[in-house]
Amino acid sequence: MGKTYFRNQYRTASIRAEWWDYRNSAIYFITVCTKDKEIFFGKISESTIILSEIGKIVNNCWLSIPEHYRFVQLDEFIVMPNHLHGIIIINADKLYPIESRSSCDDYHQKVSSNILMSDLSPKVGSLSYVVRTFKAAVTKQATCHCDYFRWQPRFYERIIRDAKELERVRIYIRNNPRNWKEDKMFK
């Protein structure tokens with residue numbers, strides 16, 4: 001991953017696999033973190049997450065994703081104090097978005113008229129598009145509770161390739177609160 005130029009300024013190259021189209025039908029394990037791992041979403045008590053108001057916003061916006069995108073199905077997920085782990089299933093056969101129904105969808109369906117920006121922006125129907133709009137919807141609502149709330153600019157993803165790996169990821173997500181003290185996100 002290196003630096004590239006956009007309008008004569010440095011821009012960090014994408015961390016996504018160049019060989020993969022993230023609009024393809026697949027199962028993805030994602031992690032989305034707060035900026036500098038700052039704790040906004042709650043606390044762990046006795047191996048259970050106690051969500052803050054912002055944590056509840058994250059939870060609700062996450063659960064509403066399939067209401068806005070018929071091509072997305074959610075699987076196991078957990079909101080942690082400073083990050084979210086989740087499994088997103090994209091079904092490319094259902095790629096047409098559903099009209100907005102809630103405040104979690106305020107940023108969905110925006111189309112850039114600037115062709116250069118659209119080349120840089122995530123493609124409609126892609127994993128990055130879904131995560132970007134989720135993060136934007138959370139940010140809009142979270143800043144009503146905390147004006148300095150910020151996400152880490154990127155997110156981590158892994159393409160889940162088989163049922164065995166899917167089950168390992170589900171177990172990892174379920175056990176995340178129990179393993180919080182050892183979690184690298186905590187440190």
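This is a predicted model: local features need pLDDT of at least 70, side-chain atom pairs count only at pLDDT 80 or more; totals for chains, interfaces and linings use all residues.

Entry 1: I began with disulfides and found zero in the structure. Where do the two cysteines I checked, Cys33 and Cys144, sit? Cys33 is buried, at a relative accessible area of 7%. Cys144 is exposed, and its relative accessible area is 68%.

**Entry 2: strand S3.** I went on to strand S3, residues 26-33. Is S3 mostly covered or mostly open? It is mostly covered, since seven of its eight residues are buried. Next I looked up its pairings. With S7, S3 pairs in the antiparallel sense over eight bridges, and there I noted Tyr28 with Ile88 as its bridge partner. With S8, S3 is joined by five bridges, and that pairing is antiparallel as well. On the S8 side, Ile160 stands opposite Ile27.

Entry 3: S4 covers residues 42-45 and S5 covers residues 48-51; they run antiparallel and four bridges join them.

**Entry 4: helix H3.** Then I took H3, which runs from residue 127 to 142 and has 16 residues. From first C-alpha to last it reaches 22 Å, close to the 22 Å expected at 1.5 Å a residue. I listed its buried residues, among them Leu127, Tyr129, Val130, Val131, Phe134, Val138 and Ala142. Which elements do the buried residues of H3 pack against? I found strand S3, helix H1 (53-68), strand S6 (72-79), strand S7 (83-90) and strand S8 (156-160).

**Entry 5: a histidine in H1.** While looking at helix H1 I stopped at His68, which lies in it. Is His68 buried or exposed? With a relative accessible area of 1%, His68 counts as buried because that is under the 20% cut-off. Its side chain has a polar contact of 3.4 Å with the side chain of Ser64.

**Entry 6: aromatic rings.** I kept the rings for last. How many aromatic pairs are there? The count comes to twelve. One of them is Phe29 with Tyr156, an edge-to-face pair at 6.3 Å centre to centre, with 80° between the planes. This pair links distant parts of the chain, as Phe29 is in strand S3 and Tyr156 in strand S8, 127 residues apart. Phe29 is buried, with a relative accessible area of 8%, whereas Tyr156 is partly exposed at 43%.

I also noted Tyr69 and Tyr129, an edge-to-face pair with 6.0 Å between centres and 80° between the planes. They too link distant parts of the chain, 60 residues apart: Tyr69 is in the loop between H1 and S6, and Tyr129 is in helix H3. Both Tyr69 and Tyr129 are buried.

Which residues do ring pairs link into a cluster? I wrote down Phe40, Phe41, Trp62, Phe77, Phe134, Tyr148, Phe149 and Trp151.

Conventions:
Residues are numbered from 1 along each chain as its sequence is written. Side-chain values use heavy atoms; hydrogens and water are left out. The expected span of a helix is 1.5 Å times one less than its number of residues. Buried means under 20% relative accessible area, exposed over 50%, partly exposed in between (1.4 Å probe, protein chains only). Contact means heavy atoms within 4.5 Å. A disulfide is a pair of cysteine sulfur atoms within 2.5 Å. Two strands pair if DSSP finds at least two bridges between them. A polar contact is a pair of N or O atoms within 3.5 Å; within protein, one must be able to donate a hydrogen and the other to accept it, and residues adjacent in sequence count only if both atoms are side-chain atoms. Rings of Phe, Tyr and Trp (its six-membered ring) pair if their centres lie within 6.5 Å; planes under 30 degrees apart count as stacked, over 60 as edge-to-face and the rest as tilted.
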